[in-house]
Amino acid sequence: MDSYTGLAALYDIFMDNIPYDEWYDYLRSLLAEYNVNKGIVLDLGCGTGNMTELLAAGGYDMIGIDNSDEMLSIAMEKAYAKELDILYLLQDMREFELYGTVAAVVSICDSLNYITKTDDLVKVFSLVNNYLDPDGIFIFDMTTSKKYENITDDVIAENREEGSFIWENTYFEAERINRYDMTIFERLDNGLYKRHQETHIQRVYTLDEIKSALDLAGLKFEACYKAFTRHTPDDDCERIYVIARESVNHNETKKRR
């Protein structure tokens, strides 16, 4: 069952507890630290465009890529309503294509945890390197095993006026694979409910594995922080931010504007 199909219509409602403004401030501060204060920025795995919109409002020329048609449709509707000039592309991040290079690539909200094979992670990183400007910056977050260990075998349910969901979570520690099965009830205009079922699979990568994949892709590792800080991740850290820099890959032709 495809992810982010039935969930798309209710995603922003169920995620209204996420402090996107605070996340934006942190991400913007990281971009500024590496002198990315303007230019084209790619949001990889942009979903319904919440962070893409904030970055666009902050002065960046934004491109958003996602492989969910349903999520992108909502993102485009929101951008149109707010008169934001954002280019949204329906693409798989393992195969994405751009017309030229960008100043930075960002990817948040666990998007890269959905890449469950190391070879595919290297593919994503290689494409990022290929489309970054010289010395361009790549900033992404990843959920750690600590978070999944804390919620394994949990069942979470939430009911809203617009709909409800049941979330059953299982973490397979040996494989470092997290699976959550969602049953979603979307309230229709006639008062009836439409039932959706989705399965989401995510993988945990160690920092050493991330560094190795970056190196294979030709990217230079710069830093890793405990999310929303400048501190080194500790054993209780549930989310990390990784920063890498573009490095010319002599085995590929860089695509330039």
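Predicted model: local features only at pLDDT ≥ 70, side-chain atom pairs only at ≥ 80, totals over all residues.
**Entry 1: the four-stranded sheet.** I started with an open sheet of four strands, ordered E6-E7-E8-E9, with antiparallel pairing. Its edges are strand E6 (155–159) and strand E9 (193–203), and each of these pairs on one side only.

Strand E7 (residues 163–172) runs antiparallel to strand E8 (residues 177–187), and ten bridges join them. For a landmark I noted Thr-170, which has Arg-179 of E8 standing opposite.

Entry 2: Mean pLDDT for the protein is 91, and 94% of the residues reach 70 or more. Where does pLDDT stay under 50? I found that stretch at residues 250–257, for which the model has 19 contacts beyond four places in sequence. I'm leaving that part out of my reading.

**Entry 3: the seven-stranded sheet.** Next I traced another open sheet, with seven strands in the order E3-E2-E1-E4-E5-E11-E10 and mixed pairing. Strand E3 (87–90) and strand E10 (220–226) are the edge strands, each pairing on one side only. On average, neighbouring strands of this sheet are turned by 15° against each other, direction ignored.

Within this sheet I checked strand E5 (residues 132–143) against strand E11 (residues 239–245): they pair in the antiparallel sense over seven bridges. Which residue of E11 is the bridge partner of Phe-138? I got Ala-244.

Then I looked at what lies on the sheet. Helix H3 (residues 50–57) packs there, touching strand E1 (40–44), strand E2 (61–66), E3 and strand E4 (102–107). The direction of H3 makes about 170° with that of E2.

**Entry 4: the cores.** I went looking for the largest nonpolar core and found 43 residues in it. The members touching the most other members are Leu-27, Leu-31, Met-51, Leu-55, Ile-139 and Ile-243. Which element gives this core its largest share? I traced that share to helix H2 (residues 20–33), with seven residues.

Setting aside neighbours within four places in sequence, I found Leu-27 in contact with Met-51, Leu-55, Val-106, Ile-108 and Ile-139.

There is also a second, separate core of 34 residues, and I jotted down Val-102, Phe-125, Leu-127 and Cys-224 as being among them.

Technical notes
Residues numbered from 1 in each chain as written. Heavy atoms only, no water. Pairing = 2+ DSSP bridges. Helix = DSSP H or I, 4+ residues; strand = E, 2+ residues; numbered from the N terminus. Axes fitted to C-alpha atoms, helices over the stretch in contact; angles between N-to-C directions. Contact = heavy atoms within 4.5 Å. pLDDT = per-residue confidence, 0-100. Core = buried A, V, L, I, M, F, W, Y, C linked by side-chain atoms within 4.5 Å. Buried < 20%, exposed > 50% of the residue type's maximum accessible area, 1.4 Å probe, protein only.
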